[in-house]
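Work through these exercises with the model open beside you. Each task is followed by its solution.

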Protein chains: 2
Amino acid sequence: MKYCFGVDIGGTFVKLGLFTVEGELLEKWQIKTRREDNSEHILPDIAESLEQKRIENKIEKNDILGVGFGTPGPVTEDGVAVCPANLDWKNKPVAKELSELTGYPCKGGNDVNVAGLGEMWRGGAKGYKNVVVVPIGTGIGAAIIYNGQIIVGTRGAAGEVGHIHVDDEIDKKCGCGAIGCVEQFSSATGLVRMAKKIIEETNRETSLRNFEVLEAKDVIDAAKAGDEVADGIFDKFCDYLGYSLAATAAVIDPEIFIIGGGVSKAGQVLVDRVQTYFVKYAWPGIRDIKFALATLGNDAGIYGAASMVIKKD
Amino acid sequence: MKYCFGVDIGGTFVKLGLFTVEGELLEKWQIKTRREDNSEHILPDIAESLEQKRIENKIEKNDILGVGFGTPGPVTEDGVAVCPANLDWKNKPVAKELSELTGYPCKGGNDVNVAGLGEMWRGGAKGYKNVVVVPIGTGIGAAIIYNGQIIVGTRGAAGEVGHIHVDDEIDKKCGCGAIGCVEQFSSATGLVRMAKKIIEETNRETSLRNFEVLEAKDVIDAAKAGDEVADGIFDKFCDYLGYSLAATAAVIDPEIFIIGGGVSKAGQVLVDRVQTYFVKYAWPGIRDIKFALATLGNDAGIYGAASMVIKKD
């Protein structure tokens with residue numbers, strides 16, 4: 001039996017997984033991301049933790065095919081993390097250093113893209129080769145996978161579909177500096193922002209006024225429960241997201257969209273309504289593109305990372 | 001010296017070119033597209049014409065690397081033309097048949113994509129690897145080239161950026177069946193349609209009323225000459241096109257957009273204004289994407305076709 005490791009390096013925790021090359025997750029665990037001393041302990045900590053796990057599981061070194069990793073921000077083809085958010089690295093050759101520390105071949109990519117590969121390998125997009133995986137949380141990202149390969153883009157900026165312009169009326173800037181990006185509406189942050197605006201600016205009756213700290217989940221739950229104001233907000237969320245994905249599909253023509261991230265816990269109701277708006281805005285030739293929920297949750301990153309070191313046929 | 005042929009198969013004419021493998025066009029010519037008998041003469045006619053040209057030029061058969069071709073509509077990876085417009089073929093294995101008829105290796109693709117490869121090989125996008133080539137004529141197409149390779153899409157429908165939805169107010173359907181596609185505005189047809197609408201529905205003074213048969217060029221020329229109505233129409237054309245390309249860039253993050261097709265004869269004024277709107281709608285991380293005019297005109301197809309049979313390093 002051959003094995004591989006998948007490592008998802010975040011600002012607070014590093015998630016790690018031991019996989020068979022067939023894609024079975026044997027064990028997952030996490031370690032703290034030690035950011036002291038310019039984050040220089042992170043890779044040695046990972047190497048040590050992997051070695052310990054290998055010994056615990058009585059696996060021969062030769063039976064480990066390699067280590068895949070994901071980090072925030074752009075990552076070059078040869079595994080250099082350019083400027084990962086929440087880590088103090090700058091052009092860090094993660095693949096090279098992790099390979100030297102562990103003795104295994106290492107490959108890596110941007111965390112959103114790597115999680116997308118995970119969903120394609122063993123998640124909601126299993127069996128597909130042309131996939132767009134859209135995690136929706138604080139913002140909107142997208143992993144654009146074509147013929148089984150991530151499209152990284154010239155600046156590592158492919159898949160920034162959260163910054164497709166959708167609205168001329170908002171006067172608040174997006175985190176990116178532009179105005180009217182879809183992620184100002186169709187994200188967890190966007191849902192809450194829209195809800196607070198309506199609560200402040202109107203007298204409309206809504207259960208959303210009852211929350212001291214309003215969260216995206218509250219808005220969606222209220223919409224599901226029939227609150228009209230909440231439903232209107234949720235509808236705008238789905239409208240703008242469906243629109244952006246229709247534009248994305250006109251460019252790249254995928255087989256399937258996978259909706260993931262924290263907001264996707266809303267479930268099938270979210271997928272269904274986004275797809276309804278997608279069909280409204282997409283041209284007829286691509287209206288049959290499939291939609292599904294991500295299935296791996298927070299494990300998508302370690303799955304995808306592991307998949308990177310397995311030679312595909 | 002080694003050579004190759006590029007063949008651009010259209011509904012009225014087949015354009016052919018003899019190239020050195022370095023990309024020099026030695027000779028170009030065209031033959032009629034004989035559509036009688038279910039278009040069955042087209043490929044034998046091409047083979048005969050190429051053989052004649054080889055003999056005329058005293059080139060050894062061994063020195064011809066192959067024949068590349070472009071046809072309208074989707075073309076599979078192995079060179080099957082699925083349903084080319086204006087030709088009576090259905091799932092025609094063009095590469096296979098043309099290879100049997102000529103004795104050379106053959107490869108091909110969709111004509112818009114192949115022309116895009118031409119612009120990358122020896123035209124406006126020379127030296128770039130991540131390129132979007134946008135021919136604007138009756139409609140809007142796009143060749144999406146990533147890492148030097150065409151992105152074909154799941155249904156052969158990648159690059160259908162002309163069908164990005166941009167307008168909720170138009171009540172006329174696009175040729176694709178949807179309503180509000182960018183090519184209903186930002187194409188030769190779109191320019192004329194918008195102009196006629198304003199002439200009919202308003203009393204505004206404009207030189208456009210003087211034309212018996214109004215063409216796209218007339219609208220752009222009038223705009224250049226300072227006609228306010230024409231300038232407003234041209235501005236909307238550039239606004240919607242710039243918007244669509246900003247959305248395209250958010251998805252695919254190219255190095256450069258190349259504007260081609262009949263409308264691109266308008267020149268730098270077109271590129272400049274489209275780019276101004278692109279910058280307005282694009283998120284800051286990609287606002288520096290370059291814009292340039294296509295330079296190969298109607299020869300882009302034979303260039304790109306020829307480039308397909310040359311092994312790249």
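This is a predicted model: local features need pLDDT of at least 70, side-chain atom pairs count only at pLDDT 80 or more; totals for chains, interfaces and linings use all residues.

**Exercise 1.** Into which domains is chain A divided?

*Solution.* Chain A splits into domain 1 (3-122 + 299-308) and domain 2 (131-295). These bounds come from an automatic or database domain assignment. Residues are numbered from 1 along each chain as its sequence is written, while chains are lettered from A and ligands numbered from 1 in the order in which they are written.

**Exercise 2.** Describe the side of domain 1 of chain A that touches domain 2 of chain A.

*Solution.* Start with the centres: taken over C-alpha atoms, they are 29 Å apart. Next, count the contact (C-beta atoms, placed from the backbone, within 7 Å): twelve residues come from domain 1 of chain A and 13 residues from domain 2 of chain A. On the domain 1 side, β7 (106-110) and α4 (111-122) of chain A each give at least two residues. The largest share, seven residues, belongs to α4(A). Helices (H or I, at least four residues) and strands (E, at least two) are DSSP runs, numbered from the N terminus.

**Exercise 3.** Which residues does A:V219 contact, leaving aside neighbours within four places in sequence?

*Solution.* List them: A:L191, A:V192, A:A195, A:L208, A:A230, A:I233 and A:F234.

**Exercise 4.** How confident is the predictor?

*Solution.* Chain A has an average pLDDT of 96, and 99% of the residues score at least 70. For the complex, the ipTM is 0.94 and the pTM is 0.94.

Key:
Two residues are in contact if their C-beta atoms, placed from the backbone, lie within 7 Å. pLDDT is the predictor's confidence in each residue, from 0 to 100.
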